[in-house]
Amino acid sequence: MATAPDGSLSVEAKVADLRNLTLHVFEQNGSWHWGLTVERLRGTGQKVVAFSEEEFGSEAQARADGERAYNRERSEGLHRSAWA
């Protein structure tokens, strides 16, 4: 893992983290939801970095909203990383 001198993640590590960004759409208790995950930098598994608080009536609605969040995070996250 690449870190900056102050111990924070380097730009390279943040960009690598965004490349692993994954959208998940799932049904829970009769409603549809989405979540965004990245692979953990240490250990195994995935870390949830964003999720829907809204309940959606269909998978398509949840996916559309999740895709907006995914695209926004990739765009804004890469922009933030470039200036880190």
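Biologist: Which residues make up the largest nonpolar core, and how many are there in all?

Modeller: In this predicted model, the search is for buried nonpolar residues joined through side-chain atoms within 4.5 Å. The largest set of this kind consists of Leu21, Val25, Trp32, Trp34, Leu36, Val38, Phe56, Ala62 and Ala69, which gives a total of 9 residues.

Biologist: Which element gives the most to this core?

Modeller: Two elements, strand 2 (31-39) and helix 2 (59-82), each supply at least two residues of the core. The element that gives the most, with 4 residues, is strand 2.

Biologist: In what order do the strands of the sheet lie?

Modeller: In general, strands of a sheet pair through backbone hydrogen bonds, either parallel or antiparallel. Here 3 strands form an open sheet with antiparallel pairing, and strand 1 (22-28) and strand 3 (46-51) are the edge strands, each pairing on one side only. Neighbouring strands of the sheet are turned against each other by 40 degrees on average, direction ignored. The order of the strands is 1-2-3.

Biologist: Over how many bridges do strand 1 and strand 2 pair?

Modeller: Within this pairing, Val25 stands opposite Trp34 in strand 2, and both Val25 and Trp34 also belong to the largest nonpolar core. Strand 1 and strand 2 run in the antiparallel sense, and the number of bridges between them is 7.

Biologist: What is the bridge partner of Leu36 in strand 3?

Modeller: Strand 2 and strand 3 pair in the antiparallel sense over 5 bridges. These two strands form a hairpin with 6 residues between them, and Gly43 in the turn has a positive phi of about 80 degrees. In strand 3, the residue that partners Leu36 is Ala50.

Biologist: Is His33 buried or exposed?

Modeller: His33 lies in strand 2, and, leaving aside its neighbours within four places in sequence, His33 is in contact with residues including His24, Phe26, Glu54 and Ala62. A residue counts as buried when its relative accessible area is under 20%. Because the relative accessibility of His33 is 10%, His33 counts as buried.

Biologist: Which residue forms a salt bridge with Glu59?

Modeller: In general, side chains of opposite charge can pair when their charged atoms come close. For Glu59 and its partner, the closest N and O atoms are 3.5 Å apart, and the two residues both lie in helix 2, 4 residues apart, about one turn of the helix.

Biologist: How many salt bridges does a search of the whole structure find?

Modeller: Arg68 and Asp65 both lie in helix 2, 3 residues apart, about one turn of the helix. The total found in the whole structure is 2.

Biologist: What pattern does the protein follow when read along the sequence?

Modeller: The protein has 2 helices and 3 strands, and 25% of its 84 residues count as buried. Read along the sequence, the pattern of these elements is α-β-β-β-α.

Key
Residues numbered from 1 in each chain as written. Predicted model: local features only at pLDDT ≥ 70, side-chain atom pairs only at ≥ 80, totals over all residues. Heavy atoms only, no water. Buried < 20%, exposed > 50% of the residue type's maximum accessible area, 1.4 Å probe, protein only. Pairing = 2+ DSSP bridges. Axes fitted to C-alpha atoms, helices over the stretch in contact; angles between N-to-C directions. Contact = heavy atoms within 4.5 Å. Salt bridge = Lys/Arg side-chain N within 4 Å of Asp/Glu carboxyl O.
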